[in-house]
Amino acid sequence: MESESRTSFQSLNKGIGVYNAKDKTLLMPQLYRFATHLMAAGFRGFGIKAQALETYKGLDFGKAHTSGKECLPCLITTGDILYYMQNEKRRLGENFNPDNYIYLMPESDGPCRFGMYNKYQRMVLDSFPELRRVRIGFITSINDYSFEGMIDGNKATDIRKTGYLSIVIGDVLDRLTCRIRPYEKERGLTDAFVEEAMHEMEDIFETYGDTTVLYDKVLDKLHGIIREAVQIIDHTIPRKPLVGIVGEIYLRAHDQANHDIIRVLEHHGAEVVNTSFAEWINYISYHRMREAKRGFVLSMKQLRLRKMIHYIKKVIAFKSNLVYEQYIQKRIYKSFRSFIDVAEDHHVSHLEDLLKQEDAFDFDIGTEACLSISGILSYARDRFNGVINVYPFTCMPGSVTTSIVRPLTSRLRIPYLDAPCDVSIQPGREAAIRTFMYQVYQHFKERERLTNNHIQGEKIVCA
Ligand code: SF4
(Lines give C-alpha, C1' and ligand atoms only; values in the text may rest on other atoms or scores of the structure.)
Protein backbone atom coordinates (compact mmCIF):
# COMPACT_ATOMS: atom_id res chain seq x y z
CA MET A 1 0.00 0.00 0.00
CA GLU A 2 1.29 3.45 -0.90
CA SER A 3 0.67 6.32 1.48
CA GLU A 4 0.41 9.98 0.57
CA SER A 5 1.04 12.67 3.11
CA ARG A 6 -2.23 14.48 3.78
CA THR A 7 -2.83 16.23 7.03
CA SER A 8 -5.98 18.05 7.78
CA PHE A 9 -8.07 19.02 10.77
CA GLN A 10 -10.96 17.19 9.10
CA SER A 11 -9.55 14.07 10.72
CA LEU A 12 -10.87 15.36 14.05
CA ASN A 13 -14.45 14.70 13.03
CA LYS A 14 -14.78 13.50 9.43
CA GLY A 15 -14.92 9.76 8.91
CA ILE A 16 -15.07 9.20 12.68
CA GLY A 17 -18.38 8.78 14.45
CA VAL A 18 -21.15 6.51 15.58
CA TYR A 19 -22.15 4.47 12.53
CA ASN A 20 -24.80 1.85 12.10
CA ALA A 21 -22.92 -1.42 11.70
CA LYS A 22 -25.68 -3.19 9.74
CA ASP A 23 -24.28 -4.86 6.60
CA LYS A 24 -20.77 -3.66 7.45
CA THR A 25 -17.77 -5.61 8.65
CA LEU A 26 -17.03 -4.38 12.15
CA LEU A 27 -13.32 -4.69 12.93
CA MET A 28 -12.44 -4.91 16.60
CA PRO A 29 -8.87 -4.40 17.88
CA GLN A 30 -7.80 -6.99 20.41
CA LEU A 31 -8.17 -5.79 23.94
CA TYR A 32 -8.08 -8.87 26.19
CA ARG A 33 -7.99 -11.64 23.60
CA PHE A 34 -10.70 -13.93 24.98
CA ALA A 35 -13.12 -11.10 25.66
CA THR A 36 -12.64 -9.52 22.22
CA HIS A 37 -13.30 -12.81 20.44
CA LEU A 38 -16.38 -13.51 22.55
CA MET A 39 -17.68 -9.99 22.07
CA ALA A 40 -17.27 -10.22 18.29
CA ALA A 41 -19.14 -13.54 18.38
CA GLY A 42 -21.90 -11.99 20.52
CA PHE A 43 -22.25 -9.12 18.02
CA ARG A 44 -22.52 -11.64 15.20
CA GLY A 45 -25.46 -13.04 17.17
CA PHE A 46 -27.08 -9.62 16.55
CA GLY A 47 -26.47 -9.91 12.81
CA ILE A 48 -23.38 -7.67 12.77
CA LYS A 49 -20.42 -9.05 10.81
CA ALA A 50 -17.98 -8.43 13.66
CA GLN A 51 -14.51 -9.86 13.85
CA ALA A 52 -11.50 -9.56 16.15
CA LEU A 53 -8.46 -8.21 14.35
CA GLU A 54 -5.27 -10.22 14.39
CA THR A 55 -2.67 -8.41 16.40
CA TYR A 56 1.04 -7.63 16.35
CA LYS A 57 1.49 -8.92 12.80
CA GLY A 58 1.39 -5.39 11.40
CA LEU A 59 3.97 -4.00 13.77
CA ASP A 60 6.16 -2.75 10.90
CA PHE A 61 3.20 -0.76 9.55
CA GLY A 62 2.62 0.64 13.02
CA LYS A 63 6.23 1.72 13.35
CA ALA A 64 6.27 3.21 9.85
CA HIS A 65 3.18 5.34 10.50
CA THR A 66 3.90 6.65 13.99
CA SER A 67 6.61 8.99 15.15
CA GLY A 68 7.60 7.14 18.32
CA LYS A 69 5.88 9.69 20.56
CA GLU A 70 2.48 7.97 20.47
CA CYS A 71 1.38 5.51 23.13
CA LEU A 72 2.35 1.92 22.39
CA PRO A 73 -1.26 0.67 22.07
CA CYS A 74 -1.80 3.34 19.39
CA LEU A 75 1.21 2.09 17.44
CA ILE A 76 0.13 -1.56 17.70
CA THR A 77 -3.51 -0.97 16.76
CA THR A 78 -2.48 1.28 13.85
CA GLY A 79 -0.35 -1.58 12.57
CA ASP A 80 -3.17 -4.08 13.10
CA ILE A 81 -5.72 -2.17 11.00
CA LEU A 82 -3.24 -1.46 8.19
CA TYR A 83 -2.16 -5.11 8.15
CA TYR A 84 -5.77 -6.23 7.94
CA MET A 85 -6.56 -3.80 5.14
CA GLN A 86 -3.52 -4.83 3.14
CA ASN A 87 -4.57 -8.49 3.31
CA GLU A 88 -8.16 -7.66 2.54
CA LYS A 89 -7.13 -5.72 -0.55
CA ARG A 90 -5.00 -8.64 -1.70
CA ARG A 91 -7.81 -11.10 -1.04
CA LEU A 92 -10.54 -9.14 -2.78
CA GLY A 93 -8.56 -7.38 -5.51
CA GLU A 94 -10.87 -5.19 -7.59
CA ASN A 95 -13.83 -6.10 -5.39
CA PHE A 96 -12.29 -4.40 -2.35
CA ASN A 97 -14.71 -1.72 -1.19
CA PRO A 98 -13.65 0.50 1.73
CA ASP A 99 -17.28 1.45 2.35
CA ASN A 100 -17.90 -2.06 3.67
CA TYR A 101 -15.80 -1.64 6.82
CA ILE A 102 -16.12 0.04 10.16
CA TYR A 103 -13.02 -0.02 12.31
CA LEU A 104 -14.07 0.23 15.96
CA MET A 105 -11.76 2.34 18.06
CA PRO A 106 -13.41 3.30 21.38
CA GLU A 107 -12.36 6.44 23.18
CA SER A 108 -12.49 8.12 26.54
CA ASP A 109 -12.38 11.75 27.53
CA GLY A 110 -9.11 13.06 28.97
CA PRO A 111 -6.81 13.62 30.60
CA CYS A 112 -4.61 11.09 28.79
CA ARG A 113 -4.23 10.37 25.09
CA PHE A 114 -6.64 7.54 24.49
CA GLY A 115 -9.28 9.93 23.13
CA MET A 116 -6.90 10.84 20.30
CA TYR A 117 -6.13 7.36 18.94
CA ASN A 118 -9.02 7.34 16.49
CA LYS A 119 -8.27 10.87 15.28
CA TYR A 120 -4.67 9.96 14.69
CA GLN A 121 -5.62 6.73 12.96
CA ARG A 122 -8.04 8.69 10.77
CA MET A 123 -5.07 10.71 9.55
CA VAL A 124 -3.13 7.51 8.87
CA LEU A 125 -5.99 5.87 6.95
CA ASP A 126 -6.51 9.11 5.03
CA SER A 127 -2.91 8.97 3.87
CA PHE A 128 -3.87 5.89 1.79
CA PRO A 129 -6.24 7.05 -0.98
CA GLU A 130 -7.94 3.65 -1.10
CA LEU A 131 -8.65 3.64 2.66
CA ARG A 132 -10.14 7.11 3.01
CA ARG A 133 -13.66 5.72 2.97
CA VAL A 134 -13.01 3.14 5.70
CA ARG A 135 -14.98 4.53 8.63
CA ILE A 136 -13.77 4.67 12.19
CA GLY A 137 -16.63 4.00 14.58
CA PHE A 138 -16.42 4.65 18.26
CA ILE A 139 -18.17 4.02 21.50
CA THR A 140 -17.18 6.34 24.28
CA SER A 141 -16.77 6.31 28.04
CA ILE A 142 -18.64 9.64 28.13
CA ASN A 143 -21.96 7.80 27.77
CA ASP A 144 -20.78 4.61 29.50
CA TYR A 145 -20.05 2.85 26.19
CA SER A 146 -23.57 3.01 24.88
CA PHE A 147 -24.22 1.27 21.53
CA GLU A 148 -26.98 3.71 20.67
CA GLY A 149 -26.71 4.46 16.94
CA MET A 150 -24.54 1.46 16.13
CA ILE A 151 -27.40 -0.96 16.01
CA ASP A 152 -31.03 -0.74 14.90
CA GLY A 153 -34.00 0.12 17.06
CA ASN A 154 -34.12 -0.88 20.68
CA LYS A 155 -31.22 -3.35 20.60
CA ALA A 156 -28.61 -0.96 22.04
CA THR A 157 -29.20 -2.07 25.64
CA ASP A 158 -29.30 -5.75 24.71
CA ILE A 159 -26.06 -5.63 22.77
CA ARG A 160 -24.36 -3.78 25.62
CA LYS A 161 -25.47 -6.52 28.01
CA THR A 162 -24.18 -9.24 25.67
CA GLY A 163 -20.93 -7.29 25.33
CA TYR A 164 -20.57 -7.05 29.11
CA LEU A 165 -21.28 -10.76 29.54
CA SER A 166 -18.57 -11.56 26.98
CA ILE A 167 -16.15 -9.40 28.94
CA VAL A 168 -16.85 -11.17 32.24
CA ILE A 169 -16.60 -14.62 30.64
CA GLY A 170 -13.36 -13.58 28.91
CA ASP A 171 -12.02 -12.48 32.32
CA VAL A 172 -12.98 -15.83 33.84
CA LEU A 173 -11.16 -17.70 31.07
CA ASP A 174 -8.09 -15.49 31.62
CA ARG A 175 -8.14 -16.10 35.36
CA LEU A 176 -8.79 -19.78 34.92
CA THR A 177 -5.71 -19.99 32.69
CA CYS A 178 -3.57 -18.23 35.29
CA ARG A 179 -4.97 -20.41 38.08
CA ILE A 180 -4.31 -23.79 36.46
CA ARG A 181 -1.27 -23.25 34.19
CA PRO A 182 1.33 -23.11 37.00
CA TYR A 183 0.05 -26.48 38.26
CA GLU A 184 -0.64 -28.31 34.99
CA LYS A 185 0.13 -32.03 34.76
CA GLU A 186 1.82 -31.62 31.42
CA ARG A 187 3.31 -28.50 29.87
CA GLY A 188 1.04 -26.89 27.26
CA LEU A 189 -2.17 -28.61 28.40
CA THR A 190 -3.73 -25.43 29.77
CA ASP A 191 -3.12 -23.22 26.74
CA ALA A 192 -4.49 -25.83 24.34
CA PHE A 193 -7.50 -26.50 26.56
CA VAL A 194 -8.43 -22.83 27.09
CA GLU A 195 -8.04 -22.01 23.39
CA GLU A 196 -10.53 -24.77 22.55
CA ALA A 197 -12.82 -23.60 25.36
CA MET A 198 -12.79 -20.06 23.92
CA HIS A 199 -13.91 -21.35 20.52
CA GLU A 200 -16.71 -23.40 22.09
CA MET A 201 -17.82 -20.33 23.99
CA GLU A 202 -17.69 -18.25 20.79
CA ASP A 203 -20.19 -20.67 19.23
CA ILE A 204 -22.55 -20.13 22.17
CA PHE A 205 -22.29 -16.34 21.92
CA GLU A 206 -22.80 -16.39 18.16
CA THR A 207 -25.80 -18.72 18.32
CA TYR A 208 -27.58 -17.18 21.32
CA GLY A 209 -26.12 -13.62 21.42
CA ASP A 210 -29.46 -11.95 20.78
CA THR A 211 -31.67 -14.27 22.86
CA THR A 212 -32.90 -14.39 26.42
CA VAL A 213 -31.35 -17.85 26.97
CA LEU A 214 -27.80 -16.58 26.35
CA TYR A 215 -26.93 -16.22 30.04
CA ASP A 216 -28.04 -19.78 30.94
CA LYS A 217 -26.35 -21.32 27.90
CA VAL A 218 -23.11 -19.48 28.67
CA LEU A 219 -23.19 -20.53 32.32
CA ASP A 220 -23.81 -24.19 31.44
CA LYS A 221 -20.87 -24.18 29.05
CA LEU A 222 -18.67 -22.35 31.56
CA HIS A 223 -19.35 -24.89 34.30
CA GLY A 224 -18.49 -27.72 31.91
CA ILE A 225 -15.24 -25.97 30.98
CA ILE A 226 -14.31 -25.41 34.61
CA ARG A 227 -15.02 -29.00 35.62
CA GLU A 228 -12.70 -30.19 32.84
CA ALA A 229 -10.08 -27.56 33.64
CA VAL A 230 -9.78 -28.80 37.22
CA GLN A 231 -8.63 -32.19 35.84
CA ILE A 232 -5.56 -30.49 34.36
CA ILE A 233 -4.22 -29.57 37.81
CA ASP A 234 -1.56 -31.76 39.36
CA HIS A 235 -2.67 -31.59 42.99
CA THR A 236 0.71 -32.71 44.30
CA ILE A 237 2.23 -29.33 43.30
CA PRO A 238 2.03 -27.00 46.34
CA ARG A 239 0.52 -23.52 45.98
CA LYS A 240 2.99 -20.95 44.65
CA PRO A 241 3.60 -17.32 45.58
CA LEU A 242 0.88 -15.04 44.26
CA VAL A 243 1.70 -12.01 42.11
CA GLY A 244 -0.91 -9.38 41.18
CA ILE A 245 -0.72 -7.36 37.97
CA VAL A 246 -2.15 -3.87 37.63
CA GLY A 247 -1.54 -1.22 34.99
CA GLU A 248 -2.61 0.03 31.61
CA ILE A 249 -5.56 -1.97 30.28
CA TYR A 250 -4.21 -2.77 26.82
CA LEU A 251 -0.65 -3.66 27.77
CA ARG A 252 -1.35 -5.74 30.84
CA ALA A 253 -3.46 -8.15 28.76
CA HIS A 254 -1.49 -8.16 25.51
CA ASP A 255 0.99 -11.02 25.65
CA GLN A 256 3.20 -9.89 22.78
CA ALA A 257 3.26 -6.23 23.81
CA ASN A 258 4.12 -6.95 27.45
CA HIS A 259 6.73 -9.49 26.37
CA ASP A 260 4.74 -12.36 27.82
CA ILE A 261 5.20 -11.12 31.35
CA ILE A 262 2.68 -13.56 32.84
CA ARG A 263 4.43 -16.62 31.40
CA VAL A 264 7.83 -15.25 32.43
CA LEU A 265 6.58 -14.85 36.01
CA GLU A 266 5.11 -18.35 35.93
CA HIS A 267 8.41 -19.65 34.62
CA HIS A 268 10.06 -18.16 37.71
CA GLY A 269 7.58 -19.86 40.02
CA ALA A 270 4.65 -17.45 40.44
CA GLU A 271 0.91 -17.80 40.18
CA VAL A 272 -0.45 -14.60 38.66
CA VAL A 273 -3.72 -12.70 38.91
CA ASN A 274 -4.19 -10.02 36.26
CA THR A 275 -6.57 -7.10 36.69
CA SER A 276 -9.77 -7.83 34.80
CA PHE A 277 -11.32 -6.05 31.82
CA ALA A 278 -14.68 -5.81 33.59
CA GLU A 279 -13.13 -3.70 36.36
CA TRP A 280 -12.63 -0.88 33.84
CA ILE A 281 -16.23 -1.06 32.60
CA ASN A 282 -17.54 -1.04 36.19
CA TYR A 283 -15.25 1.86 37.00
CA ILE A 284 -16.57 3.91 34.06
CA SER A 285 -20.18 3.38 35.19
CA TYR A 286 -19.15 4.30 38.75
CA HIS A 287 -17.17 7.33 37.61
CA ARG A 288 -20.02 8.66 35.45
CA MET A 289 -22.46 8.16 38.32
CA ARG A 290 -20.20 10.17 40.65
CA GLU A 291 -19.91 12.94 38.05
CA ALA A 292 -23.67 13.07 37.58
CA LYS A 293 -24.17 13.25 41.36
CA ARG A 294 -21.77 16.19 41.50
CA GLY A 295 -23.67 17.89 38.66
CA PHE A 296 -26.92 17.35 40.52
CA VAL A 297 -25.60 18.89 43.75
CA LEU A 298 -24.23 21.89 41.87
CA SER A 299 -27.45 22.51 39.96
CA MET A 300 -29.39 22.18 43.22
CA LYS A 301 -27.22 24.90 44.78
CA GLN A 302 -27.87 27.06 41.73
CA LEU A 303 -31.61 26.25 41.88
CA ARG A 304 -31.59 25.12 38.23
CA LEU A 305 -34.49 22.69 38.07
CA ARG A 306 -34.00 21.48 34.49
CA LYS A 307 -30.37 20.69 35.15
CA MET A 308 -31.33 18.86 38.32
CA ILE A 309 -33.73 16.64 36.36
CA HIS A 310 -31.09 16.10 33.68
CA TYR A 311 -28.53 14.96 36.24
CA ILE A 312 -30.89 12.84 38.27
CA LYS A 313 -31.76 10.91 35.08
CA LYS A 314 -28.08 10.38 34.46
CA VAL A 315 -27.48 9.20 38.02
CA ILE A 316 -30.26 6.64 37.62
CA ALA A 317 -28.99 5.45 34.22
CA PHE A 318 -25.36 5.02 35.30
CA LYS A 319 -26.33 3.51 38.63
CA SER A 320 -28.54 0.95 36.85
CA ASN A 321 -25.64 0.00 34.58
CA LEU A 322 -23.33 -0.40 37.57
CA VAL A 323 -25.79 -2.43 39.62
CA TYR A 324 -26.47 -4.69 36.64
CA GLU A 325 -22.76 -5.17 35.91
CA GLN A 326 -21.79 -5.98 39.47
CA TYR A 327 -24.78 -8.29 39.88
CA ILE A 328 -23.92 -10.31 36.75
CA GLN A 329 -20.24 -10.43 37.63
CA LYS A 330 -20.86 -11.56 41.19
CA ARG A 331 -23.39 -14.21 40.14
CA ILE A 332 -21.04 -15.69 37.57
CA TYR A 333 -18.03 -15.87 39.90
CA LYS A 334 -20.14 -17.26 42.72
CA SER A 335 -21.58 -19.96 40.46
CA PHE A 336 -18.27 -21.75 39.98
CA ARG A 337 -16.14 -20.95 43.00
CA SER A 338 -17.09 -24.22 44.63
CA PHE A 339 -15.23 -25.96 41.76
CA ILE A 340 -12.10 -23.80 41.80
CA ASP A 341 -10.87 -20.78 43.74
CA VAL A 342 -10.33 -18.39 40.82
CA ALA A 343 -9.68 -14.89 42.18
CA GLU A 344 -12.79 -12.70 42.43
CA ASP A 345 -12.87 -9.15 41.18
CA HIS A 346 -12.41 -5.91 43.06
CA HIS A 347 -15.51 -3.92 43.93
CA VAL A 348 -15.02 -0.35 42.63
CA SER A 349 -16.46 1.38 45.68
CA HIS A 350 -14.14 -0.74 47.85
CA LEU A 351 -11.20 0.46 45.76
CA GLU A 352 -12.22 4.07 46.32
CA ASP A 353 -12.48 3.42 50.07
CA LEU A 354 -8.95 2.03 50.08
CA LEU A 355 -7.61 5.17 48.41
CA LYS A 356 -9.38 7.33 50.97
CA GLN A 357 -8.09 5.30 53.91
CA GLU A 358 -4.51 5.64 52.68
CA ASP A 359 -5.06 9.19 51.42
CA ALA A 360 -3.11 8.03 48.38
CA PHE A 361 -5.08 9.40 45.41
CA ASP A 362 -8.53 10.63 44.50
CA PHE A 363 -11.16 9.22 42.18
CA ASP A 364 -11.93 12.82 41.16
CA ILE A 365 -8.63 12.85 39.24
CA GLY A 366 -9.73 9.85 37.20
CA THR A 367 -7.72 7.65 34.79
CA GLU A 368 -6.46 4.13 35.36
CA ALA A 369 -4.17 5.42 38.11
CA CYS A 370 -7.24 5.29 40.42
CA LEU A 371 -7.62 1.58 39.79
CA SER A 372 -3.93 0.70 39.68
CA ILE A 373 -3.04 2.41 42.97
CA SER A 374 -6.06 1.05 44.79
CA GLY A 375 -5.55 -2.36 43.15
CA ILE A 376 -2.03 -2.49 44.58
CA LEU A 377 -3.36 -1.57 48.03
CA SER A 378 -5.96 -4.28 47.76
CA TYR A 379 -3.41 -6.92 46.69
CA ALA A 380 -1.09 -5.88 49.52
CA ARG A 381 -3.84 -6.37 52.10
CA ASP A 382 -4.90 -9.65 50.56
CA ARG A 383 -2.83 -12.86 50.35
CA PHE A 384 -0.55 -11.56 47.53
CA ASN A 385 3.23 -11.77 47.72
CA GLY A 386 4.13 -9.16 45.09
CA VAL A 387 2.68 -6.65 42.65
CA ILE A 388 3.69 -5.51 39.16
CA ASN A 389 2.61 -2.37 37.35
CA VAL A 390 2.62 -3.01 33.57
CA TYR A 391 2.31 0.07 31.35
CA PRO A 392 3.51 1.53 28.08
CA PHE A 393 6.71 3.53 28.28
CA THR A 394 5.69 7.21 28.84
CA CYS A 395 2.11 6.29 29.81
CA MET A 396 0.77 9.10 31.97
CA PRO A 397 -1.43 7.12 34.42
CA GLY A 398 1.24 4.41 34.57
CA SER A 399 3.90 6.92 35.59
CA VAL A 400 1.58 8.58 38.12
CA THR A 401 0.93 5.17 39.68
CA THR A 402 4.64 4.47 39.92
CA SER A 403 5.41 7.73 41.64
CA ILE A 404 2.69 7.23 44.25
CA VAL A 405 2.94 3.54 45.06
CA ARG A 406 6.67 3.20 45.62
CA PRO A 407 6.62 4.63 49.18
CA LEU A 408 3.32 2.84 49.86
CA THR A 409 4.60 -0.59 48.88
CA SER A 410 7.74 -0.21 50.94
CA ARG A 411 5.63 0.79 53.96
CA LEU A 412 3.28 -2.13 53.34
CA ARG A 413 6.33 -4.37 52.89
CA ILE A 414 5.19 -5.98 49.66
CA PRO A 415 7.58 -6.48 46.73
CA TYR A 416 6.80 -4.18 43.81
CA LEU A 417 8.09 -3.93 40.25
CA ASP A 418 7.55 -1.38 37.49
CA ALA A 419 7.32 -2.96 34.05
CA PRO A 420 7.25 -0.21 31.41
CA CYS A 421 7.03 -1.69 27.91
CA ASP A 422 7.79 -0.55 24.40
CA VAL A 423 8.37 -2.49 21.20
CA SER A 424 11.96 -3.29 22.09
CA ILE A 425 12.90 -5.71 24.87
CA GLN A 426 13.75 -3.67 27.93
CA PRO A 427 17.38 -4.21 28.89
CA GLY A 428 17.57 -5.80 32.33
CA ARG A 429 13.91 -6.94 32.34
CA GLU A 430 14.82 -10.56 33.00
CA ALA A 431 17.22 -9.61 35.83
CA ALA A 432 14.60 -7.29 37.35
CA ILE A 433 12.00 -10.06 37.30
CA ARG A 434 14.40 -12.56 38.85
CA THR A 435 15.24 -10.12 41.65
CA PHE A 436 11.58 -9.35 42.15
CA MET A 437 10.72 -13.05 42.30
CA TYR A 438 13.43 -13.59 44.91
CA GLN A 439 11.73 -10.95 47.09
CA VAL A 440 8.35 -12.52 46.35
CA TYR A 441 9.61 -15.90 47.63
CA GLN A 442 10.92 -14.29 50.82
CA HIS A 443 7.55 -12.66 51.35
CA PHE A 444 5.77 -15.94 50.66
CA LYS A 445 7.94 -17.87 53.14
CA GLU A 446 7.53 -15.20 55.80
CA ARG A 447 3.74 -15.27 55.38
CA GLU A 448 3.79 -19.07 55.64
CA ARG A 449 5.93 -18.88 58.79
CA LEU A 450 3.59 -16.34 60.40
CA THR A 451 0.52 -18.35 59.41
CA ASN A 452 2.02 -21.57 60.85
CA ASN A 453 2.94 -19.78 64.09
CA HIS A 454 -0.53 -18.37 64.25
CA ILE A 455 -2.11 -21.81 63.72
CA GLN A 456 0.20 -23.38 66.31
CA GLY A 457 -0.62 -20.55 68.72
CA GLU A 458 -4.30 -21.20 68.15
CA LYS A 459 -3.79 -24.90 68.87
CA ILE A 460 -2.04 -24.09 72.14
CA VAL A 461 -4.89 -21.77 73.13
CA CYS A 462 -7.44 -24.43 72.19
CA ALA A 463 -5.55 -27.10 74.14
S1 SF4 B 1 -3.48 5.21 29.49
FE2 SF4 B 1 -1.35 5.52 28.94
S3 SF4 B 1 -1.08 4.36 27.06
FE4 SF4 B 1 -3.26 4.61 27.32
S5 SF4 B 1 -3.71 6.48 26.19
FE6 SF4 B 1 -3.35 7.09 28.28
S7 SF4 B 1 -1.21 7.68 28.33
FE8 SF4 B 1 -1.54 6.46 26.48
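## Overall dimensions

A compact globule of 463 residues would have a radius of gyration near 23 Å, and the protein chain agrees, with 23 Å. The model is predicted. Along the principal axes, the C-alpha atoms fill a box of roughly 80 × 60 × 45 Å.

The protein chain holds 15 helices and nine strands.

## Domains and their contact

The domain assignment of the protein chain gives two entries. Domain 1 covers 9-144. Domain 2 is made of 239-276 + 345-463. Taken over C-alpha atoms, the centres of domain 1 and domain 2 are separated by 32 Å.

In the contact, 11 residues of domain 1 meet 16 residues of domain 2. On the side of domain 1 that touches domain 2, the elements giving two or more residues are α2 (59-64) and α3 (72-92). The most comes from α3, with three residues. By residue class, this side of domain 1 divides into 10 nonpolar, no polar and one charged.

## Helices α3 and α4

Helix α3 also packs on helix α4 (residues 117-126). The angle is about 40°, and the axes lie 11 Å apart. Angles under 35 degrees count as roughly parallel and those from 65 to 115 as roughly perpendicular; α3 is therefore oblique to α4. The crossing of α3 past α4 is right-handed.

From α3, the contact uses Cys74, Thr77, Thr78 and Ile81. From α4 come Tyr117, Tyr120, Gln121 and Val124. The residues of this α3 and α4 contact are five nonpolar, three polar and no charged.

## Helices α5 and α6

Helix α5 (residues 156-180) packs against helix α6 (residues 189-208) at an angle of about 165°. Their axes are 10 Å apart. Angles over 145 degrees count as roughly antiparallel, so α5 and α6 are roughly antiparallel to each other. The crossing of α5 past α6 is right-handed.

On the α5 side, the residues in contact are Ser166, Ile169, Leu173, Leu176, Thr177 and Ile180. They meet Thr190, Val194, Ala197, Met198, Met201 and Phe205 in α6. The residues of the contact of α5 with α6 comprise nine nonpolar, three polar and no charged.

## The helix pairs in brief

Two packed helices are described by the angle between their axes and the distance between the axes. For α3 and α4, these values are about 40° and 11 Å. For α5 and α6, they are about 165° and 10 Å. No charged residue takes part in the contact of α3 with α4, and none takes part in that of α5 with α6.

Note on methods:
Residues are numbered from 1 along each chain as its sequence is written. This is a predicted model: local features need pLDDT of at least 70, side-chain atom pairs count only at pLDDT 80 or more; totals for chains, interfaces and linings use all residues. Axes are lines fitted to C-alpha atoms, for helices over the stretch in contact, and angles run from 0 to 180 degrees between N-to-C directions. Helices (H or I, at least four residues) and strands (E, at least two) are DSSP runs, numbered from the N terminus. A crossing is left-handed if the near helix is turned anticlockwise from the far one by less than a right angle, and right-handed if clockwise. Two residues are in contact if their C-beta atoms, placed from the backbone, lie within 7 Å. Ala, Val, Leu, Ile, Met, Phe, Trp, Tyr, Cys and Pro count as nonpolar, Asp, Glu, Lys and Arg as charged, and the others, Gly among them, as polar. Domain bounds come from an automatic or database domain assignment. The radius of gyration is taken over C-alpha atoms; the globule rule is 2.2 Å times the number of residues to the power 0.38.
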